[in-house]
Amino acid sequence: MVALSQALLNGLVLGLIYVAIAVGLTIVFGTLRLVNFAHGAFYAIGAYIGLVVAQNWGLGAAFIAAPIGVAIFAIILDRVLLRPFYGKDVTSQILVTFGIALIVEETLRLIFGATTQQYPALQGLATSVAIGPLVYPLYRLLFAAGVIAMLVLVWLFMERTDYGLIVRAGVRDRTMVQLLGGNIRQASTIVFAVGAAIAGLVGAAASPIYSIAPGTGFAFLVPSFVVVVVGGLGSFWGAVLGGLLIGELQSLTTLAFAPAANVIIYLCMALVLLLRPQGLLGESEVIRQ
Amino acid sequence: MNVSQRGAGVRFALFTLAGLALFPFIFHAIDGYAGLATQIVIVSIASIGFNFLLGYTGLLSYGHAMFYGGGGYVAALLLIRLMPQHPNLWLAVIGATLAATILALLVGALAVRLYGIYFALLTLAFAQMIYFVVEQAQDWTNGDDGLQSIPAALLPIGPYSIDLGTALPPLALGPFGNLSDIKLWYIVSALALCGVMIGMRALTRSQFGEVLTAIRENEERSSLIGFNAAAYRLAAFAISGALTGFAGALRALYDGSVAVESVGIERSGSLVIYTIVGGVQTLLGPVLGTGLIMYLEAVLSAHISYWRLVEGVIFVAVIIFLPAGIVGTIAKRFSGRAKDRALLAKSVSTGSSK
Amino acid sequence: MTHVPTTSRGRFIGATAAASAVAFGCPAILSAQNKEIVVGLDVPLSGPYAEQGKDQLRAYNMAIDEINKAGGIMGQKVKSSVGDDQTTAGVARDNAQRMIERDGAVMITGGSSTGTAVAVSGLCQQKGSLFMATLTHGDETTNQNCHKHTFRRYNDAYMSAQALARTLISKYGTGTWFHITADYSWGWSVHDNLAAVVNPKGAKEIAYVKLKLGTTDFSSALSQAQAAKPDVLVLTEFGADMVNCLNQAATFGLTKTCKILVPLVDEYMAKGTKDNFTNVVSTAPFYWQYHAKHYTFAKKFVEAFYDRYKTYPSNGAECAYVNMMVYKLAVEQAHSTDPAKLIPILETIQWNMTKGPEHFRKEDHQGVNSVLVVEGIPLADRNADGFNFARVLEEHNGPGVMAPLDSLSCKMETA
């Protein structure tokens, strides 16, 4: 029972990381029709910015610096490289973003070295709390709470702001929104930056748990694609549902029969693609190329 | 096929053979070595297979390593488990290629109904599943450590069993190395690559190839004419998988070892990089791309630690500035000039520009 | 009807023939007489064991500089060719092949994991090149996958397990043991050896969780350990994996509730885990502070290393250094770098350097030398750099902890 509860909590933590990365990924696809294989780079950049800031000014400052830094990087990337690729054929998008991911990873390796880096000690946060018979690391619980809070803010952004409205409408009918005068360009850039910032913040927040190496971003990206597919490309709630599902599935399978843990999530992805390509909560028009 | 076309085909074959014959020696002069040359030749076969799917059929597969590594593991296991006393190269390679083809048919049957990103992600999903299964089936695959010490396969020709590790007789060639650098492995691989290139050239010029191109360009119209797009794509996928599996088997047997990375996402990614850089939709492109990048990897990595960054920059630069790849861009320039020359010659001879 | 050759084709053939004639007929430039001995350093510079690899490289460079300054080996300078094996078997293999074929390496050394060692070992046997394995701990390297051309000086898992068990058995023999293990040959080797010693004595193994090399998230395994409340928690992880694992274990409160064993440790791992390494019991083939105190050669080595790099040598670095020195010794005795002549020498040579008298066992080429059992001391008692991280509980002599010859499945080639 205790082992099961802990597995569920582990799955929650892992799932929330996937959600945070997948949300940015799925929104960007929905609005900009951009498949971004470089999204993991945002996680990694956020983690490294956070590392440097945390080493000098503490963890709190790191959580502010990381998303801002990544957002700036994302905006530059958008303006300089990615604009011509929006709405273009998927193959070119995958290829160029994959290339960018490679460049970012190697640049990080050049700057920070190839070895895994530890975040500075968490001081008082590196303890565990007792929840009944369960003992669980405090930081992981705080992390989970923090990501949930962040997701609520993103949801509010999507639902309550004009930008969010344009974005959501744009997912359904881009042309109409433009005809109606919505500044989809500006909204898109902001959405892109927000998605990137989320990934960057999670990168910084998760690294005290998982530590960071140049390849960590891409390593989290691939399962995030599973989440996006399962949840539905373009759907915010799909990303949330998918992320939690996949995270829990991975964690519980590890408990039940560890060798199958990684296979099962890709099996899920394959099944969804074959049986319901728009995902659990996606729109069925989205799949038409 | 008319006479001049056949001549062009023969020219192509001879050109390829000559190039492959000279390659290891020129390679040696630029800091390469024969072992790497052999590996380049073998991996080029996989790149050609991948390119057939991407360039000619228009499908981006992000999981081709499942064929490459799968072929390698099957070949290795056939030798280790079934023929440890009499390792037979034919059987191992043919068995592996067959296995890759079957896998391609199975995956393809499911995948070719999807498009674009969904196709890519589905191939990724299958490849990852296979990766983790290979990693976990430790009794068969030895997990992360891979299968080392694969028995050296012998090539039975008639009454003889040839050890492909045999070197040619020594003959010093100055800066081009020594004739004895070349093992029979290189000759066998080069002949295989030559055969694959000739075959691929014929295939892309055949009616099958033309239908594929038509489907790639405009699927709706092709189906209206009556072509079953899914079936053609499946056939292309199978051929692509078979070639890649064939290459993977050769590589495993040449190396004498196969590891789980050969089924991994980086291997899939590298096939993409080689082909794009070299030139999609060209015949020589994948070969050139493979040679260039593998050479850079081997040579640069010994001198600078950030060679992969260079590789990434080259890749992105090619995508943005040379979308047809290196060979593709050169080919366009030449064919453009050739067209102009032809037009000029015609207008001179007939006295008009019609 | 066959097509008549066009002039362009004929010209092309002619040109090729001419070029070939030039290339072949050119007076062969005699290759300069080999004035150098090339040694291939195949070490991890990226991946979970990168810190260990970098330290090995420091030691190799220092050894090679020392050798060259004293005139080289048999009058020839030693040159190194370096490759990053990325802690991956296939890459290690390819590096070794490149070093042998292109750079003319006559000896390959270095190592990260047992997986890479086995791969390189197989290649070196194929190519007829000597392989002096450095950082490989799994039994396989000198047991199931032994090769005539491979020599391994580093302790093997059997030796460490024997040493650990003998020091601890009285206290924990009958307790419950929970194993978290890296899922590859080294991890299995260590676990099997430990279990073989302690389980018959009454230890109860309650779990054996295997996690892929390079795992960063140990929460599932640690949760299970948490729930199981074992007496002994064995973390068979190395390098960055061990650092992550132990640090995460601390957040689960495990460093306070059970006795933690880390079967093999080095200075960088202790440094990365800081106070979490306090009271953790481990083994090491070399510990600079201890050996410098007891052996003059070791003291010289440690001081020279510190002078040059401003940091103390890890046990991987020491092994790298001694491997180079033993190689030099053997080549001078054999008057040749030819493995055919070197191997018989290496099988019988004895030396006394950093750890007292040592040699290689003829049957499996395993180094016979001592194993230390150490226990982590609190961070407050360590220096600023954190490298004096342990107290030595016991030093076990090599011969006493070796795997018995009749238990080996090593079938060595004759050449």
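Okay, a bit of housekeeping. What we have is a predicted model, where local features need pLDDT of at least 70, side-chain atom pairs count only at pLDDT 80 or more, and totals for chains, interfaces and linings use all residues. Residues are numbered from 1 along each chain as its sequence is written, while chains are lettered from A and ligands numbered from 1 in the order in which they are written.

Let's start where chain B touches chain A. By helix I mean a DSSP run of H or I of at least four residues, and by strand a run of E of at least two, numbered from the N terminus. For the classes, Ala, Val, Leu, Ile, Met, Phe, Trp, Tyr, Cys and Pro count as nonpolar, Asp, Glu, Lys and Arg as charged, and the others, Gly among them, as polar.

Helix 5 of chain B turns up again when we look at chain A. The buried residues of helix 11 of chain A pack against it, and against helix 9 (216-231) and helix 10 (236-257) of chain A. Those buried residues include A:Ile265, A:Tyr266, A:Met269 and A:Leu273. Buried means 20 or more other C-beta atoms within 10 Å of the residue's own, exposed means 12 or fewer, and partly exposed is in between, again with C-beta atoms placed from the backbone. Helix 11 of chain A (residues 261-275) has 15 residues and reaches 22 Å from its first C-alpha to its last, close to the 21 Å expected at 1.5 Å a residue. That expected span is 1.5 Å times one less than the number of residues.

Staying with helices for a second, go to helix 3 of chain B, residues 65-82. Its 18 residues should span 26 Å at 1.5 Å a residue, and the end C-alpha atoms are 24 Å apart, which agrees. Of those 18 residues, 15 are buried, so helix 3 of chain B is largely enclosed by the rest of the structure.

The contact takes 21 residues from domain 1 of chain C and 23 residues from domain 2 of chain C. Which helix gives the most on the domain 1 side? That would be helix 4 of chain C, with three residues. By class, that side has five nonpolar, 13 polar and three charged residues.

On to strands, where two of them pair if DSSP finds at least two bridges between them. Strand 10 of chain C (residues 281-284) is covered on both faces: C:Val281 and C:Thr283 on one side and C:Ser282 and C:Ala284 on the other are all buried. Strand 9 of chain C (residues 259-262) pairs with strand 10 in the parallel sense over two bridges, and C:Leu261 stands opposite C:Val281. Strand 14 of chain C (residues 371-376) pairs with strand 10 in the antiparallel sense over four bridges, with C:Leu372 as the bridge partner of C:Ala284.

Last stop: C:Leu408, in the segment after helix 15 (398-401) of chain C. With 19 C-beta neighbours inside 10 Å, C:Leu408 counts as partly exposed. Leaving aside neighbours within four places in sequence, C:Leu408 is in contact with C:Asn143, C:Glu363, C:Asp364 and C:Ala403.

Conventions:
Contact = placed C-beta atoms within 7 Å.
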